[in-house]
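Please keep the sequence and the structure in view while reading.

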Amino acid sequence: MNATLILPVLKQDQIWKDQTKFEDIFDVDHFINYLKDDVRIVRDIPDWFTEKDELFTSIRRTVKNIPKYAPAQFYVDNVLPRIKEKKIMSIKPFVDRLGYDNVPMKINRLRCRVNYHALKFLPGIEEMADKLATRMRNRTGNVNPYMALHLRFEKGMVGLSFCDFAGTREEKAMMAEYRQKQWPRRFKNGSHLWSLALEKRKEGRCPLEPGEIGFILRAMGYTKETQIYVASGQVYGGNNRMAPLRNMFPNLVTKEDLASKEEIEHFKKHVTSLAALDFLVCLKSDVFVMTHGGNFAKLIIGFRRYMGRHRLKSIKPDKGLMSKFFGNPYMPWANFVEDVMITHQTRTGLPEATFPHYDLWENPLSHCMCRA
């Protein structure tokens with residue numbers, strides 16, 4: 001479209017209540033300079049534009065309802081005319097709005113340059129993450145490998161999943177109230193959710209509880225001596241929910257355990273800064289384990305593949321298969337271990353062949369890594 005990009009405005013998350021700006025976590029100078037031959041980028045809305053406060057709220061200035069995975073031509077035909085007419089337009093939302101398959105190869109290669117090279121965290125975030133990773137390796141006085149576990153079991157994630165979890169009657173009632181408040185259209189009166197929750201668990205669409213992922217890791221052969229870094233927000237259910245996992249893996253720590261209160265305080269101003277620290281420590285880990293889908297885990301697996309770190313294992317548990325095992329109290333432990341090992345032989349993070357609508361960020365193989 002030959003358009004100029006104003007620095008992206010990050011979505012203000014309603015659950016996390018985060019007000020982070022692009023420049024709060026990313027190195028803007030590097031971003032602009034790295035991409036100077038690809039696209040013109042400016043830091044702010046030009047002075048000649050007098051409707052700054054209305055740009056992101058005015059319907060006249062916003063392009064919405066863009067189809068998911070739209071081809072590049074869609075933007076030339078539908079967005080470009082509006083930019084020419086209005087001079088400045090806001091596009092939102094923009095997650096998965098541009099296709100992977102129906103766009104020129106040079107555009108997908110540009111995406112890879114943006115994602116893996118142009119987007120760099122601020123030096124302070126990079127330095128703190130390096131300290132955390134080093135401390136993680138030296139916790140026992142010797143240099144040890146460590147596992148990073150992305151434990152996706154925050155209250156917002158549990159609520160949004162609309163899955164059912166073990167808990168007290170009071171806890172379930174509070175979760176039902178929370179869901180009704182946050183997602184009233186989906187919740188309705190809650191009567192339809194029980195059968196839906198069972199179906200979703202069988203299909204592997206529910207986040208694994210801390211105790212469940214603990215059983216899977218033990219079945220894979222990881223012992224209680226394993227050093228585990230937990231990347232997570234506040235776990236739903238708190239210490240009680242974490243107890244089974246901690247009992248199986250006592251060498252389990254978070255960034256708050258590794259850093260002093262003074263060190264971590266600086267990053268608490270922005271939830272996204274804390275997530276950035278987790279991202280980098282996970283990226284440097286010897287083994288990365290995800291418990292649920294989402295952009296965070298996909299980006300880490302894709303980054304490890306792109307940077308050659310696929311040689312370091314990345315594990316995507318088969319949650320659907322796990323639900324069957326957990327639902328069978330008579331299954332011998334030996335059978336459980338055998339099934340886990342067989343199922344996860346090929347789920348180690350190696351690059352995979354892509355197919356239509358495959359997530360480029362999770363598997364950058366053909367678009368980013370191949371020169372043929």
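Cys163 and Cys206 are both buried, meaning under 20% relative accessible area, where over 50% is exposed and values in between are partly exposed (1.4 Å probe, protein chains only). The two residues form a disulfide, with 2.0 Å between their sulfur atoms. The term stands for a pair of cysteine sulfur atoms within 2.5 Å. The link of Cys163 and Cys206 is left-handed, at -90° about the S-S bond. It joins distant parts of the chain, 43 residues apart. Cys163 sits in the loop between α6 (155-161) and α7 (169-182), and Cys206 in the loop between α9 (193-202) and α10 (210-219). Helices (H or I, at least four residues) and strands (E, at least two) are DSSP runs, numbered from the N terminus. A search of the whole structure finds one disulfide. Cys282 is buried too, with a relative accessible area of 0%.

The model is predicted: local features need pLDDT of at least 70, side-chain atom pairs count only at pLDDT 80 or more, and totals for chains, interfaces and linings use all residues. Residues are numbered from 1 along each chain as its sequence is written, and side-chain values use heavy atoms, without hydrogens and water.

Now the backbone. Which phi value does Asn2 have, although it is not a glycine? The phi is positive, about 60°. Lys87, also a residue other than glycine, has a positive phi near 75°.

| Residue | Place | Relative accessible area |
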